[in-house]
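Here is a short tour of a protein model, written for someone new to reading structures. Have the picture open as you go.

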Amino acid sequence: HARASQAPRDRRDMSSFAMSASASAAVNLVSRAPPRRVATHRASSTRVRAIQEPTGETATAEEEAQPASRAADEDIPAPVGTASKEEFMAWMLGVQKLPEGKMDLVVDLPEGRGLVAREDVRKGESLLEIPDATLITVARAVSESKLGPAHVKLQEWSLLAAFLAEQALAIEQGDESGKFAVYIRALPRRTGGVLDWPEEDINTLLAGSPSLRAAKDRQTSVESAILTIRGEFPQLTPGALRWAFDVLFSRLIRLPSRGGELALVPWADMLNHKPGCEAYIDDSGGMVCLSPDRKYKPGEQVFASYGARPSSELLISYGFAPPVGENPDDFYDLVLGVDPDDRWAEQKAAALRGLGLRPVETFPLRLNGYPKQLLQYASFILCDPEDPSELPELAQRALIGNKAIGGLLGMVTKKRGTQGEVLGGEAGEIAVREMVADITTDALSRYPNTLEKDRDIASQDPSKPSKGKKSKFAEEVMPPSAAAGNDGAFPNADAWVGVFSEPVRQTQRSVAAARVRVSERRILAKTDSEVRLQLRKIKADMMTKSSKSQ
C-alpha cells in the first residue's frame with residue numbers, strides 16, 4: 001500500500017474529526033485519605049476505575065476476521081482502479097510534465113506499489129520534483145468541481161472527499177473530461193484502513209487495544225461527515241464518499257511551506273513509509289520534492305516518513321503495521337483524569353486549568369520508560385487535602401515546582417513536571433506507582449488472546465492467507481478467479497489497484513492488528529515491571545531506614 005509522505009510535525013489534524021488513532025480510554029483515579037490538612041496518600045486506599053471498551057471474545061489465527069459483511073465492491077465507483085501503470089505513467093510524464101527521474105514505479109513489492117531507484121541515489125539530493133499544477137489542493141478541487149457554491153462551505157477534508165467522489169462518479173457516467181480523471185482511475189479501490197474493515201473485524205481484532213475506540217471514532221466521524229455532504233449533494237453515493245475518505249486518510253498530506261495546506265500529491269503518494277526514516281516531503285522550492293536520508297542503489301525501494309507514528313496509527317489510517325520491534329515510535333497512551341466522584345473534582349480541575357493543564361491528560365508509555373510528569377500528575381489527582389483551598393498550591397508543587405524555584409519561570413518555559421515533585425513523600429511515591437501497576441495489569445488482562453498466540457499471528461506473512469479454516473472459507477465463498485489477486489468482479493484489474501481476494505485481506509488485517517497488540521503488550525509489560533521494581537526498592541529503603549532508626 002503506497003502512502004504519502006509528510007513533514008515531521010504533521011499529525012494530520014482532523015479538525016472536526018475525532019480520529020486520533022492512538023487515543024486511549026480514560027482512566028479516572030482518586031484516593032481517599034484520612035482527614036488532614038496536607039496532601040496524603042495511602043497505597044491501600046488507591047481506587048482505580050478504568051473506562052474501556054468490551055474486550056470481545058478470543059479468536060484463533062484461523063478464526064479471526066471472518067466478516068459478516070464488508071463494503072461491497074459494487075459500492076465503489078467502477079472506474080476506480082482501472083487505469084494501468086502504463087496509462088498512469090503516461091499521464092504523469094506527458095500531461096503533468098513530471099521530469100524523468102531516478103525512480104521507477106513498481107507494483108509487486110511486499111507493500112504493493114512503491115518507488116524503486118533506477119540508478120544510484122545520493123543522500124540529500126532532490127527527488128520527485130512534482131509541479132504545482134499536479135497537486136489536488138482545496139482551492140484546485142473547488143475550481144475543478146461542478147458541485148457549486150455549497151461545495152466551498154464544507155470542511156476541508158469533506159470538501160476533498162466530495163471532489164474525489166464527484167470525479168469518480170462522473171467517470172462512471174462516461175465523463176472523463178476532468179483534469180485528474182486518469183489519477184482517479186489509478187487510485188486503489190481499497191487501502192486496508194479501518195474504513196474498509198467489517199464491524200466484526202474491528203471488534204475482534206482490536207479487542208483490548210485502545211485502537212478499538214479510535215477505529216470506532218474514525219468510522220463514526222466519517223459516517224457523520226458523509227451524511228452532512230449528502231445533505232447538500234445527494235447525488236454523491238455513500239460508497240463513493242466512503243472510498244474517497246479512505247483514500248484521503250491513506251494519501252493526503254499537509255504541505256509545510258504553505259501553512260499546512262492539504263493536498264493529494266500524485267507520484268509522491270507512491271512512496272512507502274519506513275520506521276526510523278527521516279526523509280520528508282519538501283515543497284519550499286515551488287515543487288514537491290523529497291530529500292532521501294541515505295544513499296540508494298539501483299533496485300532498492302526509496303522510502304519516506306509519514307511522521308513519528310506508532311503502529312496503532314499506521315494501522316488505523318493505512319492498514320499496515322511494521323513487524324514487532326521495528327517501529328521506534330511505538331507508544332501506549334495512558335490517559336489519566338480527575339475522578340468525577342472525587343469530593344474536590346471541580347476544584348482540582350480548576351487548579352489544573354490554572355496551570356494550563358486539563359483534568360484529563362495523556363501520557364505516552366514507551367519501551368524505554370514513562371514520563372516523570374505521569375507520576376507528578378497522578379499524585380495531584382490522588383491527593384485529598386481537608387481544605388480544597390490548598391489545591392492550587394499543591395498543583396503548583398506537583399506540576400511546576402515550588403514558587404521560589406519554578407513558579408512563573410516554569411510556566412513561561414513550559415517545563416511543567418521537570419521541576420515538580422510527587423506529593424505525599426514516600427507514601428505518595430508508593431501510591432502512584434501502585435496505581436500505575438494496577439492500570440498496566442488491568443490493561444494487559446483485557447487482551448483476549450494469549451501473548452504467545454498474538455506473537456504467532458504477528459509473525460505470519462500478511463500477503464498470504466493462512467492454511468486451514470481460512471482456505472476452506474475461501475473455497476466456499478470465493479470464485480476461482482479470486483486466486484488471481486482480485487475479487488473476480490474486476491478481472492481486468494492489476495494487483496496494484498489494491499483489489500485482493502478476501503482471504504488475503506483478512507490475513508492482512510489479522511497480522512497487522514496482532515502486531516499492534518503485541519507492541520502494546522510489550523510496552524505495558526515493561527512499564528509494569530519497571531514500576532514494580534521501583535516499588536520494591538522504595539519499600540526496601542523505607543525498611544532499612546526504619547531499622548536504623550530503632
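Predicted model: local features only at pLDDT ≥ 70, side-chain atom pairs only at ≥ 80, totals over all residues.

Helix α6 (residues 211-232) packs against helix α7 (residues 238-251), with their axes 10 Å apart and an angle of about 130 degrees between them. Angles over 145 degrees would count as roughly antiparallel and 65 to 115 as roughly perpendicular, so α6 is oblique to α7. The crossing of the two is right-handed. If you wonder why those two numbers come up, it is because two packed helices are described by the angle between their axes and the distance between the axes.

Which residues of α6 and α7 meet? On the α6 side you'll find Arg218, Val222, Glu223, Ala225, Ile226, Ile229 and Arg230, and on the α7 side Pro238, Leu241, Arg242, Phe245 and Phe249. Sorted by class, this contact has 8 nonpolar residues, 4 charged ones and no polar ones.

The contact of α10 with α13 divides into 8 nonpolar residues, 1 polar and 1 charged.

## What sits inside

In soluble globular proteins, nonpolar side chains tend to be buried together. The largest nonpolar core in this model has 74 residues, and those with the most contacts inside it are Phe88, Leu128, Trp243, Phe245 and Trp267. Helix α3 (residues 156-172) gives the largest share of this core, 11 residues. Apart from that core lies another, of 39 residues, including Leu365, Leu374, Leu391 and Val531.

Most residues other than glycine have a negative phi. Trp267 is not a glycine, yet it has a positive phi of about 85 degrees. Where does Trp267 lie? Look in the loop between β8 (261-264) and β9 (272-273). Is Trp267 buried or exposed? At 4% relative accessibility, Trp267 counts as buried, since the cut-off for buried is under 20%. Leaving aside neighbours within four places in sequence, Trp267 is in contact with a list of residues that includes Phe88, Met89, Asp104, Leu128 and Ile130.

Glu129 also has a positive phi, of about 55 degrees, although it is not a glycine. You can find Glu129 in strand β5 (residues 127-130). With a relative accessible area of 29%, Glu129 is partly exposed.

## A tucked-in serine

Ser510 belongs to helix α16 (residues 502-549). Ser510 has a relative accessible area of 2%, so it is buried.

## Zooming out

Finally, the whole picture. How many helices and strands are there in the protein? There are 16 helices and 14 strands. Of the 550 residues, 55% are buried. Among contacts with a separation of 6 or more, 75% are between residues 24 or more positions apart.

Terms used
Residues numbered from 1 in each chain as written. Heavy atoms only, no water. Core = buried A, V, L, I, M, F, W, Y, C linked by side-chain atoms within 4.5 Å. Buried < 20%, exposed > 50% of the residue type's maximum accessible area, 1.4 Å probe, protein only. Helix = DSSP H or I, 4+ residues; strand = E, 2+ residues; numbered from the N terminus. Contact = heavy atoms within 4.5 Å. Axes fitted to C-alpha atoms, helices over the stretch in contact; angles between N-to-C directions. Parallel < 35°, antiparallel > 145°, perpendicular 65-115°, else oblique. Left-handed = near helix turned anticlockwise from the far one by under 90°. Nonpolar A, V, L, I, M, F, W, Y, C, P; charged D, E, K, R; others polar.
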